[in-house]
Structures are given as structure tokens and as C-alpha cells.
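Thanks, everyone. Please have a look at the structure before I start.

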Amino acid sequence: MALTVIGAVLAPVSPAFAADPPRADLRADVNRDGRADVTGATDTEGEDTWSARRGAVFLPNIDDDTRRCPVKGPDGRRLSDAKLAACNDASDTKVNGAGDAADLARVRSVPMTHLPAAATGTLQVVTGGKKARVFVKRSSGWAAVTAGTRLTAAELRAGAEFGVEGTDVIRNSAVWDGRAVVRLTVTSGGRSTSDDVTLRVAPLLTHHHLQKAQQLMVSKVPGGDDYARRQQAFVKGLATEVKTAGIDKPLVTFDKYGDIWAQDFVEPGYVSMAGPAGSRRTMRVMLRSAQADREAGRELFEKLRGNGVGVVQVSGVRDSEEWTLNSMGNLETIPPYTHGGRSFPAGRIIMGERKDNGSKPARAMRTLLKSQGLQDPLLLDTSWLHVGHVDEFVQFLPAGTPRGWKIAIADPEAGLRLLREARDAGHGGTRMFSVPGAPGMPAPKETIDQALASKWLVADNTMAAQRIEANLEVLKRETGATDAEVVRVPALYTRGTEQGESGERVPRLSRMGAGQVPDVVREYGQHKELARHADRAGAPPETVMTSAYVPGAVNGIVLGGNRYLAPRQWGPVIGGKDVFTAAVDAAYAGAGMKVSYLDDWYTYHLGAGEVHCGTNTLRDASAAWWMR
């Protein structure tokens, strides 16, 4: 009997009673250290979930690493906006070179060393398959995984390597929340075993001012007329200031469509995931403004899209949505903060809305931004501004505070105080503006006394101060910033009138008449935005809308940790000093910032914009957005 039992134990196992195959085990970079760990357990906990702090990330592969995407059709004609946007590295089923391969998030299968030779495996994206694609790495190169792809026993024994790419960013989290669930199924001896891992596409994030400026962008107007020469001088001056601030990369210039407002047709952003050895794999993403007829956005595809640079174009914008609010000067970002139980490790977007008439930025854009899940847009009231952009009155400065930054806010009361102090000191007859005249553009003759005695200036700035203070209270409530963390910068606004040559009040921009307004300003500039706003069923009659009277100092560029570039003030000169320049210097010194100035009076200021409106900034995105 004992021998019988022993013999039964030693006898070969019948195929009908074969042991289960080794368990399928798929690993992704759950802990975000840049590798999918197949030897330990670092990437097993939480592999089926995702949070801002933990979970595998993959990139929306929307750059063009080999610059294969055409910008013209076969007949040489320009492509439609839709066709421009349709091409990128994820629009085909190939891995386009080493750069494209580096954009793939790695997923690996744990080696199944004792797998029978007849075993096979399959891979499937069971969730998010319309927005995610998987490749398998073989000796012949990367191959797209399809329904017919089979993994061999040899591949499974050695452990297979896969690459995951996204075909788009998250547009609407109610349609797709960015998740992709990848399933490995191994079949052997008629039995199967499966394992899933969850990845999420990297959020599209906007830059904040704690990120170091790396390169500036600006439009450049061709030609030799007076305006073109002044604008070219602005570009040259910008290049000098950028170099002085220690930024080595040359300016990126937009020169094809003549839209001088480089801040407004694009918002630079980025996506990133963990890379090898603690690095980051980062892709710049140019977010085109939601203004379908703004041609300048085409140059983002035609000139910038390439290796490591993608472009996102928003569709579905309604004709009823106000054009000016969709300019990207109406999108800024609060630096990272935690307050009131909410954390924004990548910063938080602010945008302007017109509460007085209910106008908001395009719903499609707001939905896209909110759907990223990290920078939930905060809307501020810009009803009181002609153009309606948040960059006209607020910005954020790096500073040695516990949160690492301060709020810089325009202060019309301080601007009025400067004028009153000058008048009371006997300088009321001093010219309000020290800017010299230009061909066909006489210098302003208004004095400090005339400005203070005007029908509207004091009332307009009293109103502006109240509106700004209300917005500041929102920012303080949302971020926890205190009064000590607010930098108040002297400013003045006007509803658009100034002293005429005969002493009457005339529309401020009217002196740039039909023969004097540059085509680029009239056709694509803030004038167009003002006209469009005027054409709409506007704000209630009691709403006064203004723009900067003295060039808006807060509407400038944070170039570095302590370098700030502001529009030249051209204020009253008393005792050899521009009183507004001196006051702006003192305000920014309170945040440890050194201010330099660039003249934009005839190029941007008279078009209701400033230095910031005419430029854009690419910033360092190498820090991990998930580690704060």
C-alpha cells in the first residue's frame, strides 16, 4: 500500500491535471522613479489606481520629433487649421525615431521563466483605448500592438517591454478622464491569467513665475515705415534686456502673420513624466487661443511644432463667447500653494470674466483646463477693463516668503496719490507724460493739474481701485496670502480719454487715426478686441471700462528670480526723476526685484497693451509637478 502511494506521487502528472501557468504580472512606473520595476514590489502597490502623487503617467505624444508633419498641401496651398492640428507623432502607428521612443511610457511584464513553449500572450487597452496606443519592443524595433498581436513564450519568459503613448490631451474629463488600463493576458495549456495596470496621461500645465525664464517670444513686424521701425527697436531692446538678465537663448520671433500681441494667441504649457535616473521627460505644449479667426496661431504649427514641442488647438468655441476674453493675456498662473485643505502643486490658473454681463472665456477652453485636474481655473472679475485681461492688473513675483511668492497688484490709489503730492508740492503745471512726440504723433500736452481736474480720471481710478481690491480679496481668500505678501504697484487707468490739443477731452486712441494706426494693430491687435467688445451686447450702462493711462507696470515680464522688465513709465519728471518710475522701483524692491524698463508707448501702450502683452515666455518645466 505504501509503495502504491509512493508510486502515485512519483508518477508523471497527466496533462488533464496540469498545474496553473505562472501568473501574469504587468508593471508600470507607479512610484514615478523613471522605471517599471520587475524585480521588487515598488511598483505593485496602487498599480490599479491613480492620484496626483502616485500612479503611472504617460505623455500625450503630440510633438513632431522628425518634423514629418506638413504645413502645406500637395498643391502648395496652406492647410486648414484642422489638418494642421491633426498631424503629430501619435497620428500614425509608428515610433518615429529615438526621440519619439523616449516619449513612450515604459510598461514591462515580469519574466515568466518556466512558461511552456506553446504559451502565448496578448495585450489590450481595456479602458481609454481610443486615446492610448501601445507598442511592443522587439529585435526588429517597436511595433504597434493590435488585436492580432501575439507575444511568444520566449518573449514572456524574458519579460516583454512595452511603450504607451497618448494620442491627445484630456479635453473633457466627462468624456475621457485620461486613464488607460492596459491588460496582459497569458494563455497556456488552455488556461489564462491576466493582470492590469492603470496609467493616466500627463496633465497639460501652464507655467508660473517660480519657474525660471529660458527663452522669450515676440512678434516682429517687417518693413520700414515708422511703426515697423519702432516695433523693431522694441524687439532689439527686448533682446538686450533678456541677455542682461542672463537668458542665453535667442528670441523666438513670429514674423508671418503680423499679430503683434504674442502673449495673446498662445499660452506656453508643458507635459512631463518621470525619466531615467531621476530626470524628467518633458514636452512643451503650445496652447493656441480659442479664437478661430486669429491666424497667428497657425505659426505655432508651422514654426514651433517639432522635436519636443506640440500644439493643442481647442475646438467647439461658440460664436457668442467674447473674443477678447479668449486671448491668453487673460490666463495667468498663481504659483504653487496649499491652503484651506486644497493643494495646487503646479500652481493655479486665473482668468478674467465679465460679471457685469455674464461673459466668460470659452467653455471649451475652461473645460480643458479644469479637466487636467491640477490647476482648476479661478475666475476674477475684469468687467471694468476694456480688454478684460487679468495681466492688466495682477501678477505673481518670486519672493522670500514661506510660500515662495508675493502678489503684485496694480494700485490706482497710489497713482492718484503721486499726482496729488506733486500738485501739492507746486508741480501741477508739469506735463503728465514725458514721452517725446513721434512722426505724426504729437507728444501729450496734458499737465498734472489738468489730469486731476478732468471729468473722469479720479472717478475712474476710484472705481478701478475698488474693483481691484475686490479681486485681491478673492486671491487672498483662495491662497491664504496676507497683506504683507502683497506688493502694491502705482498705476492709473482711464476710460479712454485724454487732453486734446485744444484742451478738450478726446478718445485716447483716436489720435492714432486711420492713417496712423499700423495695419497690424488695427487688424490683429487690441483695437480689434475693443471693437469686438463694443459690438457685443455689452456691459450694463453703469459699467465703466478702462485701460492703462500710465503704462501698466504690472503688465511686464518676470525674467528671473530678481529681474523684472516693465514698460517705461513716461510719467511726470520732477527734479530730474520720473515720479512713477521711482515709485515702481520702490514697490518691486519690496519683493527683492530689480526693475529695468522697455519703451512700448507707441508700439503697444497706445494699443491698450504693454510689454507683457507683446511677448511670451518659455520657462523651465524640469521640476516634478507631483512632488510638492
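I'll take the cores, then a pair of strand contacts, then a pocket. Keep in mind that this is a predicted model.

Start with the cores. The largest nonpolar core holds 62 residues. Which residues have the most contacts inside it? They are Phe58, Phe162 and Leu199. Look at Phe162. Setting aside neighbours within four places in sequence, Phe162 is in contact with Leu26, Leu123, Val134, Phe135, Trp142 and Leu151, among others. Its partners also include Ala105, Arg106, Val107 and Ser109. There is a second, separate core, with 42 residues. Met463, Ile468, Leu475 and Ala587 are among them.

Now strand β8, residues 179–188. Is β8 mostly covered or mostly open? Mostly covered: seven of its ten residues are buried. β8 pairs with β4, residues 120–127, in the antiparallel sense over seven bridges. Thr127 has Val181 of β8 as its bridge partner. β8 also pairs with β9, residues 191–201, again antiparallel, over ten bridges. There, Val186 is bridged to Thr193 in β9. The β8–β9 hairpin has two residues between the strands, and Gly189 takes a positive phi near 60°.

Last, the second largest pocket. Its volume is about 260 Å³. How many residues line it? The answer is 18, with Gly34, Leu104, Met273, Ala274 and Gly275 nearest the centre. Three strands, β2 (56–58), β3 (105–109) and β13 (266–274), each supply at least two lining residues. By type, the lining divides into ten nonpolar, three polar and five charged residues.

That's my tour. Over to you.

Technical notes
Residues numbered from 1 in each chain as written. Predicted model: local features only at pLDDT ≥ 70, side-chain atom pairs only at ≥ 80, totals over all residues. Heavy atoms only, no water. Core = buried A, V, L, I, M, F, W, Y, C linked by side-chain atoms within 4.5 Å. Buried < 20%, exposed > 50% of the residue type's maximum accessible area, 1.4 Å probe, protein only. Contact = heavy atoms within 4.5 Å. 1 Å grid on protein atoms, 1.4 Å probe; cavity = no way out; pocket = protein on both sides within 12 Å on 5 of 7 lines; lining within 4 Å. Points joined across faces, edges and corners; volume = space filled by probe spheres on them. Helix = DSSP H or I, 4+ residues; strand = E, 2+ residues; numbered from the N terminus. Nonpolar A, V, L, I, M, F, W, Y, C, P; charged D, E, K, R; others polar. Pairing = 2+ DSSP bridges.
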